[in-house]
Amino acid sequence: MPDDPLRVALVGATGRLGTAVADACRRAGHLVLPAGPDGALPTADRPDLVVDAAPATATERTAARCRAARLPLLSCASGLSGNHRAALRELAAEQPVLRAANLSLGHWLQRQAIAALARAFPAGADRPEAVVHERHTTAKKDSPSASALGLAELWTDLTGEPPAATASLRGGLPVSEHTLILTFDHQTLTLSHDVRSLAAAGTGAVLGAQWLARAQAGLWTMDEVYEDLARRSRHVDQNG
């Protein structure tokens, strides 16, 4: 059991991601309070925060309810529009908001590895051609995925050049694959992250919720969560 079990209001609790998040929260000793069928937040037992695992269409409504109830929000939806992002920014001016396009630790490690690769190319070497490729099952509606777009944006920010392509495939077994392919000097370097169960996302949601419960108002990302947790781990190792 955690030192301070959280009361987690869960929007989209019956969906595939919501079920994985609920299972992970319960394993960690937190109390899950499913939202109503219309996404209404529970009122009998006030939650400590809200996790939104519903489709993006619920984002604006959930953000408004969090603002009215003065509750932090962990937003997990993919395929957010400009209006959805504006609603999260509006809430973040008053409450902590964690925007999680991808919850898994492996995705963060992949992003760290990509940053290291971009820095490692020696001066004088030809800049590699980059391609981002992602695969999800046919249940995934938005394409490319938010995670793939994030990898493409990361590569562009690091190198000043966008990937040559960002490709998507729908089909195959659960859950997903995200790959960065670098081609240079008759060579190919591939960095891939495969997820075979949404339990990985559930574990990340628990880490994110626990971090969010102690965060200040603002719009945060899972990169910042994992970076902070990694710093704390190094500090413990150095002073243990």
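I looked up Asp-185 and found it exposed, at 56% relative accessibility (over 50% is exposed, under 20% buried and in between partly exposed, with a 1.4 Å probe and protein chains only). I am working on a predicted model, where local features need pLDDT of at least 70, side-chain atom pairs count only at pLDDT 80 or more, and totals for chains, interfaces and linings use all residues. Residues are numbered from 1 along each chain as its sequence is written, and side-chain values use heavy atoms, with hydrogens and water left out.

I placed Asp-185 in the loop between β8 and β9 (187-195); strands (E, at least two residues) and helices (H or I, at least four) are DSSP runs numbered from the N terminus. Its phi is near 45°, a positive value in a residue other than glycine. I noted Arg-70 for a positive phi too, near 60°. Arg-70 sits in the loop between α2 (59-69) and β4 (73-75), and I read it as exposed, with a relative accessible area of 63%.

**Cis peptide bonds**

I then turned to omega. Ser-143 and Pro-144 are joined by a cis peptide bond, with omega about -5°, and I found Pro-144 in the loop between β6 and α5. From Pro-174 to Val-175 the peptide bond is cis as well, omega being near 5°. Val-175 belongs to the loop between β7 (165-170) and β8.

Gln-95 lies in the loop between α3 (82-92) and β5 (96-99) and is buried at 15% relative accessibility.

Gly-39 is buried too, at 5%, in the loop between β2 (31-34) and β3 (49-52).

**Aromatic pairs**

I counted 3 aromatic pairs in the structure. Rings of Phe, Tyr and Trp (its six-membered ring) pair if their centres lie within 6.5 Å; planes under 30 degrees apart are stacked, over 60 edge-to-face and the rest tilted. One of the pairs is Phe-121 with Phe-184, edge-to-face at 5.2 Å centre to centre and 85° between the planes. This pair links distant parts of the chain, 63 residues apart: Phe-121 is in the loop between α4 and β6 (129-136), and Phe-184 in strand β8 (residues 176-184). I found Phe-184 buried, with a relative accessible area of 19%.

**Helices α4 and α5**

How do α4 (residues 105-120) and α5 (residues 146-159) pack? I noted an angle of about 25°, with the axes 10 Å apart. Axes are lines fitted to C-alpha atoms over the stretch in contact, and angles run from 0 to 180 degrees between N-to-C directions. That makes α4 roughly parallel to α5 (under 35 degrees is roughly parallel, over 145 roughly antiparallel, 65 to 115 roughly perpendicular and the rest oblique).

On the α4 side I listed His-107, Gln-110, Arg-111, Ile-114, Ala-115 and Ala-118 in the contact, with residues of α5 including Leu-151, Leu-154 and Trp-155.

How values were computed. Contact = heavy atoms within 4.5 Å.
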